[in-house]
Amino acid sequence: MPNKKTKKDTGRKAVLFRLIRMLFSFYPVLLPITLICILFNAVISSIPSVFMQNVIAAVEKSWQTGDWGSVSGQILGYVAVLAVFYVLSLLAGFAYTQLMAVITQGSLAKMREKMFNGMQDLPIKYFDTHNHGDVMSYYTNDIDTLRQMISQSIPQLIISTVTVITVLFIMLYYSVWLTLVVLLGVFFMTLVVKKVGGNSSRYFIRQQQAIGRTEGFVEEMMNGQKVVKVFCHEDEAKKDFDAINDALFADSEKANRYANMLMPILNNIGNVLYVLVALIGGILLLNHAPNLSISGLAFGISIVVPFLNMTKQFSGNISQVSNQLNSVIMGLAGTKRIFDLLDEKPETDEGYVTLVNAKEKADGSLEECEERTNVWAWKHPHNDGSVTYTRLAGDVRLTNVDFGYEPGKTVLHDVTLYAKPGQKVAFVGSTGAGKTTITNLINRFYDIADGKIRYDGININKIKKADLRRSLGMVLQDTNLFTGTVMENIRYGRLDASDEECIAAAKLAGAHDFITRLPQGYDTPLSGNGASLSQGQRQLLSIARAAVADPPVMILDEATSSIDTRTEAIVQRGMDALMTGRTVFVIAHRLSTVQNSDAIMVLDHGRIIERGTHEDLLALKGTYYQLYTGALELD
């Protein structure tokens, strides 16, 4: 158990030091200036006790000598100096609060930017294995705890710590005996903080984790609200949410119970300590006890009175340190989650073959050019310094490919297939047979375990992923439309496409007719994943987006599954035009959409069990024949 605690403490220290280094990298000049202002403000707040001792000592002297005139000028001097210090403290406090506002919000903006930019480099596998609501919690709850820690907890912790150290030295300067009494009270405070504060910190960390789970569940329920209502699952959803919410409540209640318990206990210990110092100071005064101090001053009322003030200041700042520690620990828990996201391994890319615009020379060879020619070539540098250009034709071949999403669980077994330029290859089979997995491998969303995938004769591992994916167009069953206009969503396929090209793509996909009937046509704003459109209309826009990209290879994953029969006929004509001269991979449950394929692959449990044209497979009277005649059904 002690080792475990030490490991946690070490982890928190590592997170804190990393955060400090990051903040200094964000503001290498502004942050040191802010720290100087904070330290100056903290030291100045401890000075009044020194002046109080001097003033009381001067009053005592005047009382004894009766010479008030000579002492009053001395007292006025002390007051004037003290006023100057308070003005400087006010200016330092104003400066650091203003600078902290800039540093806090600026750091959060830079942190969010680092998080989002890093997230763009993560592999698809990360998003397939992490709850989207929990990921959103990084940008909301965890960032908020970080904000509170940077803007409030850490500055207050520094001020309180510096004040405690400064006051401790002043107390030792005036009286060692009374300082020992104060330290005895601090010892009991430390025991309370260790016991109560430790429990509070543990539950605050659990609270952060529970918030992430709660947001993940809410996001999941919002996305699936139609399914919940269709299957009358409201009561079960409420029960599930209540269980998650109750767990969050339990952790939050315990965390805040311990946190709220801590301050009253520490304040009462501080009050008891104040009375104790007053009693012991009074006893020492009555007994004319000798003073043990660094200053060498005689023990008197000028020592006891400011010491009482310092005792209150000392215990109050100890309480502040203890109170802020909980906020710091909760902030570090959120910061650790943020760093975990930043530390996620980005998608690796060892590719060096790139996709370039090309034009054909008189001898038939290709050369690279800047302008868009609609002729693409793979630029392949070699070890000897030479560069070759291979025309992008769309020849895709898989040879003896094995793959599994998890080690030891193979999904695809020894898959071999080819698609020559301009061919249409269809995949059919039950859910989980491996159809979508094959297209994910062609895109290199995942890397194969064994075998080869070649694109125009080049191993796709040698092709840069961005260039590989730029050569592929993809229309998925689940559409994703972004906040923006209809035109902007179509142009998402190719950002430099003109309005005319986007409209031509919409006409090709069969979307132009319904777009022109929208309130603002192509300028109609969309939000909420195109919630104002039907599922079929969203799919048509997705197809138009792929059409404007004009790639040599198309992947259609159930592209027409959400479109009604009448609309499907319109789309199919556009799809046929879109597929002309391209290599096309089609995944479809409606076998009518794949009958004109050059090759149909029937998959079962990750293996190709049948292949051939529609007529060949019907003549075979195997699985495809049974699917086509209705003897078997696709899941």
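What follows is a short chat about salt bridges in this predicted model.

Me: Before we start, what kind of model is this, and which cut-offs apply?
Reply: It is a predicted model: local features need pLDDT of at least 70, side-chain atom pairs count only at pLDDT 80 or more, and totals for chains, interfaces and linings use all residues. Residues are numbered from 1 along each chain as its sequence is written, and side-chain values use heavy atoms, with hydrogens and water left out.

Me: How many salt bridges does a search of the whole structure find?
Reply: The search finds 20. A salt bridge here is a side-chain nitrogen of Lys or Arg within 4 Å of a carboxyl oxygen of Asp or Glu.

Me: Which residue does arginine 494 meet at 3.1 Å?
Reply: Aspartate 496, in a salt bridge, N to O. Glutamate 501 also meets arginine 494 in a salt bridge, at 3.1 Å.

Me: Is arginine 494 buried or exposed?
Reply: Buried, at 12% relative accessibility. Buried means under 20% relative accessible area, exposed over 50%, and partly exposed in between (1.4 Å probe, protein chains only).

Me: And its partners?
Reply: Aspartate 496 counts as exposed, at 57%. Glutamate 501 is partly exposed, at 34%.

Me: New topic. What does lysine 359 form a salt bridge with?
Reply: Glutamate 367. Their closest N and O atoms are 3.9 Å apart. Lysine 359 is partly exposed, with a relative accessible area of 35%. Glutamate 367 is partly exposed too, at 30%.

Me: Which residues are linked in a network?
Reply: Glu347, Lys465 and Arg469 are linked by salt bridges.
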